[in-house]
Amino acid sequence: MSKPTFDALKGRPDDAILLADEAKYCSFGDTVHYVEPPKIFDGCEGSYMYDKEGKAYLDLQMWYSACNFGYANERLNNVLKQQIDTLPQCASQYLHPTKIELAKTIAQGMKSRFGTDGRVHFNVGGSQCIEDSLKVVRNATNGKSLMFAFQGGYHGRTLGASSITSSYRYRRRYGHFGDRAMFVPFPYPFRRPKGMTAEEYGEYLVADFARLFETEYHGVWDPKVGQAEYAAFYAEPLQATGGYIVPPRNYFKGLKKVLDQYGILLVVDEIQMGFYRTGKLWSIEHFDVKPDVVVFAKALTNGLNPLGGLWAREELINPTVFPVGSTHSTFASNPLGTAVGLEVLKMTSEKDYESMVMDSGAYFLEGLKSLEKRHKEIGEVDGLGLALRAEICTEDGFTANKALVDKMVDIGMSGDLDWKGQKMGLVLDIGGYYKNVITFAPSLHISKAEIDQGIELLDQLITRAKKELA
């Protein structure tokens, strides 16, 4: 755990001055203040963030899974630097090599995985790519504007993305959303009905969804013309903000069968779970279904230069049905982003990331299970690859305990944890329906020594938090 030097910080204002200026000049609408006062970081490397004094904070959320390949990844940083010296900008009405090469690489990968021809469409971030996907879907379904989505699902905070995100608080102050999705339950195994196995729970929810199409009076289907009012189902294979919930393996296969029967498209949101977070390039690969549209962003560029995109089946996005000018963004397919994205896919093709991530994830999960045995407030640990979760509860092991997890976050960000005689911090992210789930998304390159460090710091964290709340 070496500390990088921050020569560029010489002469930087003190944190107190910066926070005072932030309070006066910055919109709070574009950020989230998880702790008060907000933390200012000055450097990063590998699995760590650093403050002005060089104190290390082990980061177990990696910018909400945007930095899957570690902070300041030398290989990816060097590609960005080289691109800056070659072709840093190019108007999106023109072409440049890495846009075409990246689209080809993704499309060919989709063909090998799902057996389907398709095309790739770029934009600058997850919410923007969700917006573009809504246009693709509406266009392909003769203007249908209604979608299905999951309770607990999160797809972004632009207006269109908010309409298919289940949290009302993201819509509350922005008028009536006439195109708001119909939200159906996501299989949440930890909180399933008593007496059901996880697989039985998945089957039950699929059957419950299928019942919507039994009669016209359930409001989604006209049996006389055989047509649904809804165009697509937007789905995260593992819910991200919802708490890194891993559904039963049989669920999506059953759901896709219903969707295909009634001509409803499946749009898979891989914005957080893509690029090997779960041990597969795409998390939907774990569930043996073929998506119609896949939306991706975040880790495509390891968080270096904003770039996202979508892949759609050929018949949904070919130039005849989705012609030039159907949607547009000035910075879509920017050369800095596409160069890094292409290098990400080259890098992941040269090493067995699937085995590496699954092995590290199993090791991390084993450590979390050891904590679960020592702390009855940990109601459940679970995960897939290096997308892991710990549900923090009261002593009954089930009732959500937001106060305890909030205290854990505060202590972690204080930088006052002990590691072999040194003070350091721990960066965590909180999600879940009741805001009581620690969602772990460490660097995919995290070492077992760093995992051990994280488990020990988590043990300190929950022990201290319980004492302070007693």
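Two strands are taken to pair if DSSP finds at least two bridges between them, strands being DSSP runs of E with at least two residues and helices runs of H or I with at least four, both numbered from the N terminus. The model is predicted, so that local features need pLDDT of at least 70 and side-chain atom pairs pLDDT 80 or more, while totals for chains, interfaces and linings use all residues. Residues are numbered from 1 along each chain as its sequence is written, and side-chain values use heavy atoms, without hydrogens and water.

An open sheet of 4 strands runs in the order β13-β14-β18-β17, with antiparallel pairing. β13 is joined to β14 (residues 387-392) by 6 bridges in the antiparallel sense; L384 has A387 of β14 as its bridge partner. Helix α11 (residues 353-374) packs on this sheet and touches β13, β14 and β18 (437-440), contact meaning heavy atoms within 4.5 Å. The direction of α11 makes about 175° with that of β13; axes are lines fitted to C-alpha atoms, for helices over the stretch in contact, and angles between N-to-C directions run from 0 to 180 degrees.

Helices α7 (residues 198-210) and α8 (residues 251-261) cross at roughly 15°, their axes coming within 9 Å. The two helices are therefore roughly parallel (angles under 35 degrees). Contact residues include L205 and F209 of α7 and L255 and V258 of α8.

The axes of α12 (residues 402-414) and α13 (residues 448-469) also come within 9 Å, but cross at roughly 115°.

Terms used. Parallel < 35°, antiparallel > 145°, perpendicular 65-115°, else oblique.
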